[in-house]
Amino acid sequence: MSQQLGALGPDQTAVAPTRRKWRVTRALLRNPMAVGSVVTLAVMTLLCLLAPLITGHDSMYSSVDHVNAPIGTEGWLLGGDAQGRDMWSRLLASISVSLTAALIGTGVAVIIGVVFGLVAGYVGRTIDSIASWVFDLVLALPSLLMLIVLLPVTRGSYQLTMMLLGIMLSPGVYRLVRNMVIGIRRELYIDAAKVAGLSTWRILTRHVFFVVRGPIVIQAAFIATICINVQAGLAFLGVGANTPSFGSMISLAFTNLYGEPIQLVWPTLGLVALTGALILFANAYRDALAGTTTAARRRSRRALADVVKRADEAAPTTEKPTEKALLTVRDLRIAYPRSDGSLNEVVHEVSLTVDSGEIVGLVGESGSGKTQTAFAMLGLLPHEAVVSAKELSLGGRPLLGLTPTELRELRGPDLAYIPQEPMSNLDPSFTVGSQLVEPLRRTMPRAQAKQRVLELLARVGIPDPPRTFHSYPHQISGGMAQRVLIAGAVATQPKVLIADEPTTALDVTVQAEILDLLRELQHELRMGVLLVTHNFGVVADLCDRVVVMRDGRDVETGEVRQIFHHPAHEYTRSLIDSILDEETVRTDAPASRAKEGVR
Amino acid sequence: MNHLLHIDGLRLRYPGVGFRRRMPEVLKGVSLHIEAGETLGLVGESGSGKTTVGRAVLGLARATGGTITFDGQDITHLPAGRRRGDAREIQVVFQDPYTSLTPALQVRGILTEPLIAQGIARADAERRVSSLLDRVGLPKDSADRFAREFSGGQRQRIAIARALALEPRLIVCDEPVSALDLTTQSRVLDLLIELQRNTGVAYLFITHDLAVVRHISHRVAVMYQGEIVETGPAATVTTHPQNDYTKRLLLAAPTADPEAQAERRAARQALLRRTRTPATT
Amino acid sequence: MIPFLLRRLVSGIVVITVVTSIVFFLTYGTSVQIARNILGPSASDEQVAILNEDLGLDRPLVEQYLDWITSAARGDLGASYFTSEPITEALANRLPVTFSMVIVAVLITLIASLALGITAAARGGVVDRVLQSIGTVSYVFPVVIIAIGMVYLFAIVLRWVPAIGFVPITQSPGHWLASIILPSITLAIGGIAGLAAQIRGSLVDELGRDYIRTLRSRGVSERAILCKHALRNAAGPALTVFSLQFIGIFGASLFIERIFALPGYGAYAMNATVQGDFPVLLGVTLVSVVLVVAVNLVVDVAQGWLNPKVRV
């Protein structure tokens with residue numbers, strides 16, 4: 001599975017030898033958005049600390065002479081508000097209240113969420129059930145209303161209110177940490193650490209926390225903005241103690257909206273700058289963790305557009321079909337755009353043919369480009385793939401440059417596909433039957449389509465077709481699912497069947513049955529089959545001809561006997577040689593105990 | 001009872017979620033033993049319970065019945081974390097080299113961590129790193145890189161080096177070469193055999209691949225639905241099996257030779273016809 | 001399905017009991033001078049003692065709580081300490097205002113999120129960027145600021161709708177809509193951002209899955225793949241986010257009611273919190289927790305219907 005995905009990703013071999021330790025920090029430093037937001041936060045913090053030195057009046061001092069004083073009045077930098085208080089001084093006091101609120105709320109939420117999330121996720125069982133139930137309960141609370149209802153208890157203190165809010169926001173952190181820890185707990189490296197004798201504490205702090213810390217930072221930034229907004233919101237509503245706050249400033253300015261709309265600008269600016277800096281920092285941090293920056297993404301998008309345009313101009317060089325073969329591929333190239341705009345070619349000039357009634361094996365190790373080649377024929381490569389070929393045709397009809405509708409009409413009656421992983425290739429939300437009926441509905445009425453599917457299910461060896469028809473994918477076994485997928489592929493009696501490692505995910509006994517089924521169906525329907533595989537046993541069992549691929553090139557093509565007994569290319573020979581011999585059984589005696597003594 | 005590892009009547013049932021349903025029994029009385037310096041191949045299909053046997057030996061799954069004895073000491077109910085004594089001499093190499101190495105540490109950290117956890121001084125542990133890398137055929141400068149910078153085969157070498165760090169007497173190898181390409185596969189198997197010859201370590205080698213098992217095992221045990229159905233010397237079990245399931249398993253694995261495979265296919269279909277007829281009537 | 005529903009129902013009742021009891025014991029347990037607050041500083045100690053007895057405040061807390069919850073179960077939430085107005089009646093007068101606004105906001109949220117989310121997932125490009133901008137804006141600009149901006153723009157500058165006030169739907173549906181459309185849109189903005197982003201994200205995830213490729217290989221149309229298969233599978237996570245958005249919208253309606261001067265439950269609750277009118281606070285708590293539990297129940301049922309593994 002992972003191999004398969006890996007083979008699909010362009011340029012997966014080029015792993016940059018960067019050191020992870022400072023990667024995120026360096027990525028942040030290179031991102032102007034991150035630097036800007038951090039500087040903004042730092043400046044605002046500094047302003048709060050210096051407030052007594054740079055303001056002329058206390059934030060609560062009110063002077064009748066300065067009611068609605070204009071901006072720039074001597075000693076009243078931003079003027080006075082409707083109650084004659086210094087707007088500048090109130091603004092700085094509000095920033096300080098907001099930052100405190102954010103620190104308290106976020107701190108409480110993160111500490112509670114991380115501690116319980118780590119414990120519940122790692123220990124699991126009863127602790128997990130109880131903790132999850134409690135946090136779900138807290139999550140379902142209408143938190144704003146609860147804070148208001150509990151104001152008589154907190155006596156209006158915004159610090160206490162923020163602690164409560166922190167508790168109410170902790171489920172978000174808890175869920176994040178718990179789910180990640182559960183994912184990590186199943187990772188083999190945690191098992192390996194246990195076997196190596198590491199203590200639970202060490203595993204949690206060193207291996208688990210390493211993975212969860214990044215997402216926690218992002219979540220914390222979002223929680224901080226919620227805390228700031230809730231604190232301001234409560235002050236806006238006028239509940240709670242009379243502390244200077246963006247909220248109370250906005251509230252006062254709102255009542256003054258007709259007269260002095262400018263008074264609304266300062267608290268709004270302060271609030272937006274604060275929350276905006278936090279959000280932008282979170283976004284930049286997320287990009288840094290993912291290893292992309294917005295700028296880079298934009299750059300690659302633009303490069304991609306160029307490349308695709310260039311490819312579009314170059315692509316339709318499909319010449320007249322030269323051979324009589326059913327499926328003909330000549331000099332197929334597949335490339336993916338790199339982030340700098342250049343093309344990374346993963347399949348180079350591959351040629352092959354498949355005739356009706358013959359099974360052609362496409363063999364190679366992981367990363368050889370065999371799956372890419374197969375998908376190119378089906379038109380199922382990712383959008384960004386750039387495909388070109390001297391010829392890619394089915395029954396004389398070129399496959400490149402078809403419109404999506406034309407291509408769709410070919411799939412089914414002409415081309416069909418059997419995937420590798422049976423379970424993930426069935427839609428989990430629909431019954432097996434409805435998924436198989438759907439494509440047939442293009443050509444026949446529902447009742448007839450259902451009849452046909454039931455016949456097919458019986459044909460592929462499913463014991464109780466009506467029951468399987470009405471089953472959901474999770475209710476059937478992997479072997480059955482693969483039979484269902486084969487039924488889906490041959491339902492429309494395709495001319496060419498492309499099977500991508502159709503038995504790799506199955507047990508050997510099931511594999512043998514599926515191979516038998518494929519052979520029978522191929523014979524019955526006179527299909528041409530392209531079988532992508534890495535298993536030489538499967539090749540020997542089924543194939544008439546073989547194409548060997550390596551590093552995106554076809555190195556050798558030949559009859560199956562010739563490939564096994566007289567491989568021409570050196571690489572084919574080395575592959576055949578590394579097949580574990582059936583005759584040799586290990587014969588040397590177990591290593592003696594004498595050597596143990598030496599140890 | 002002087003076997004290195006002795007498993008007697010091992011039963012295991014994973015705990016169900018909540019108190020709703022009892023989970024089916026995964027192991028229904030498994031008995032086997034391994035001598036020092038020997039490889040026991042444990043073959044079976046998915047769901048046969050072969051991986052669970054390995055996890056029980058490692059203390060990662062809790063047995064619900066039977067005993068596991070290592071070097072004369074009962075380790076059945078000792079969890080992995082508390083095996084600081086003799087039981088640390090059981091180590092592991094997992095199937096998937098991509099998820100079995102922590103992303104948090106460089107190779108140096110991966111190799112020294114088990115040593116430090118056993119109370120060895122950091123400086124001494126660090127000194128062992130280059131010899132460990134040397135033994136698994138990796139260049140010395142690998143120590144300062146992260147696991148994700150290596151290919152699948154190289155990662156599996158790192159995992160083997162980690163297992164060797166504590167100088168174990170038994171390594172549980174859970175499908176260690178299944179995720180690797182053909183050419184890499186045989187090189188890693190050769191490395192495992194060579195290490196066994198040099199250190200006298202024993203392997204419990206779990207796999208579904210009969211070709212691999214033939215290559216590395218002295219003895220083979222075949223598992224089917226939580227039970228051992230056949231056990232014996234590798235040559236006997238893989239060429240003249242007694243059990244019907246083992247026969248089917250052997251005939252189902254396609255051989256990499258068109259003519260031989262055609263014969264095997266015919267033999268398999270004949271066997272199926274023979275065994276199916278009495279079963280249904 | 002039935003046992004699943006029963007389990008959720010029992011768990012909902014437990015949630016309601018736990019939350020109301022927490023609020024009850026926190027408010028009554030920490031405040032010693034309820035009667036003094038009501039009567040004011042000039043009242044004599046004797047008067048305070050009499051009122052305490054009248055209100056039953058001299059009895060043990062647990063007894064008081066049991067009293068309250070048994071009458072609440074019968075639909076009687078008691079009366080305000082200060083106005084003696086029956087709370088059930090007062091809420092019945094005010095909740096329709098809040099509900100009108102919240103329901104319209106939820107409808108707008110659902111429709112807009114689906115449209116935006118699906119388009120962004122299928123097309124990417126401009127719609128995708130618009131969606132991301134809405135997300136950032138709704139996070140950065142709190143609902144209060146957005147609401148004031150809306151009032152300023154539509155009611156003061158453009159004069160399209162009345163700035164404040166509420167008209168019951170029974171009186172005039174047209175005016176009712178005019179009176180709540182602006183508040184509802186304002187409420188919906190935050191919800192749309194979160195929900196549409198979730199729908200887009202889940203859809204993009206689903207579209208990358210193997211079964212989509214297989215459906216394509218069988219010639220299933222892109223429209224069916226997107227709107228039938230991918231959407232069905234993406235709906236689960238989106239529903240979870242929706243239930244959270246609902247709670248958010250309900251909470252934010254407090255601000256909206258204040259700014260648009262709508263006579264909903266918000267002013268009632270805030271007045272009670274300032275005065276320390278505990279029975280009213282408990283009544284408001286009960287109603288909102290019941291609402292939240294009910295919405296979660298509906299979402300759970302929908303989840304079960306969507307996911308065949310839960311359905312059984």
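Tutor: Start with chain B. Of its 281 residues, 52% count as buried. Keep in mind throughout that this is a predicted model.

Student: What makes a residue such as B:H215 count as buried?

Tutor: The cut-off is 20 or more other C-beta atoms within 10 Å. B:H215 has 26 C-beta neighbours inside 10 Å, so B:H215 counts as buried.

Student: Where is B:H215 found, and which residues is B:H215 in contact with, leaving aside neighbours within four places in sequence?

Tutor: B:H215 sits in helix α6 of chain B. Contact requires C-beta atoms within 7 Å. Leaving aside neighbours within four places in sequence, A:L580, A:R586 and B:L189 are in contact with B:H215. For scale, take B:D144, 71 residues away along the chain: its C-alpha atom and that of B:H215 are separated by 34 Å.

Student: How do you know that the radius of gyration of chain B agrees with a compact globule?

Tutor: Set the two values side by side. A compact globule with 281 residues would have a radius of gyration near 19 Å; chain B has 20 Å, which agrees. Along the principal axes, the C-alpha atoms of chain B fill a box of roughly 70 × 50 × 40 Å.

Student: What share of the contacts in chain B with a separation of 6 or more comes from residues 24 or more positions apart?

Tutor: The share is 64%. In chain A, 70% of the contacts between residues at least 6 apart join residues at least 24 apart.

Student: Which secondary structure elements does chain B have?

Tutor: Chain B has 9 helices and 10 strands. Four strands form an open sheet in the order β2-β1-β4-β5, with antiparallel pairing.

Student: Why do β2 and β5 of chain B stand at the edges?

Tutor: β2 (25-34) and β5 (73-74) of chain B each have a single partner strand, so one side of each is left without a neighbour in the sheet.

Student: What makes β1 and β4 of chain B a pair?

Tutor: The criterion is at least two bridges between the strands. Strand β1 (residues 5-13) and strand β4 (residues 65-70) of chain B have 5 bridges, in the antiparallel sense. Strands of a sheet pair through backbone hydrogen bonds.

Student: Which helix lies across β1, β2 and β4 of chain B?

Tutor: Helix α1 (residues 50-58) of chain B does, running at about 115° to β1(B).

Student: How is chain B divided in the domain assignment?

Tutor: The assignment gives domain 1 (36-58 + 79-233) and domain 2 (243-281) of chain B. Their centres, taken over C-alpha atoms, are separated by 33 Å. In contact are 5 residues of domain 1 of chain B and 6 residues of domain 2 of chain B. On the domain 1 side, β9 (219-224) and β10 (227-233) of chain B each supply at least two residues. That side divides into 4 nonpolar, no polar and 1 charged.

Student: Now chain A. What do its counts and domains look like?

Tutor: Chain A contains 25 helices and 11 strands. Buried residues make up 49% of its 599 residues. Its assignment gives domain 1 (23-59 + 86-290) and domain 2 (311-315 + 322-577). The C-alpha centres of these two domains of chain A lie 51 Å apart.

Student: Which pair of chains has the most contacts?

Tutor: Of the 2 pairs of chains that touch, A and B have the most contacts. There, 64 residues of chain B are in contact with 49 residues of chain A. Several elements of chain B give two or more residues to this side, among them α2 (107-117) and α9 (258-280). The largest share, 6 residues, comes from α5(B). By class, the chain B side divides into 24 nonpolar, 20 polar and 20 charged.

Student: What does the side of chain A that touches chain C consist of?

Tutor: Between these chains, 54 residues of chain A are in contact with 53 residues of chain C. The chain A side divides into 34 nonpolar, 13 polar and 7 charged.

Student: How far apart are the nearest C-alpha atoms of chain B and chain C?

Tutor: They are 12 Å apart, and chain B and chain C do not touch.

Note on methods: Residues are numbered from 1 along each chain as its sequence is written. Chains are lettered from A and ligands numbered from 1 in the order in which they are written. This is a predicted model: local features need pLDDT of at least 70, side-chain atom pairs count only at pLDDT 80 or more; totals for chains, interfaces and linings use all residues. A residue is buried if 20 or more other C-beta atoms lie within 10 Å of its own, exposed if 12 or fewer, and partly exposed in between; C-beta atoms are placed from the backbone. Ala, Val, Leu, Ile, Met, Phe, Trp, Tyr, Cys and Pro count as nonpolar, Asp, Glu, Lys and Arg as charged, and the others, Gly among them, as polar. Domain bounds come from an automatic or database domain assignment. Axes are lines fitted to C-alpha atoms, for helices over the stretch in contact, and angles run from 0 to 180 degrees between N-to-C directions. The radius of gyration is taken over C-alpha atoms; the globule rule is 2.2 Å times the number of residues to the power 0.38.
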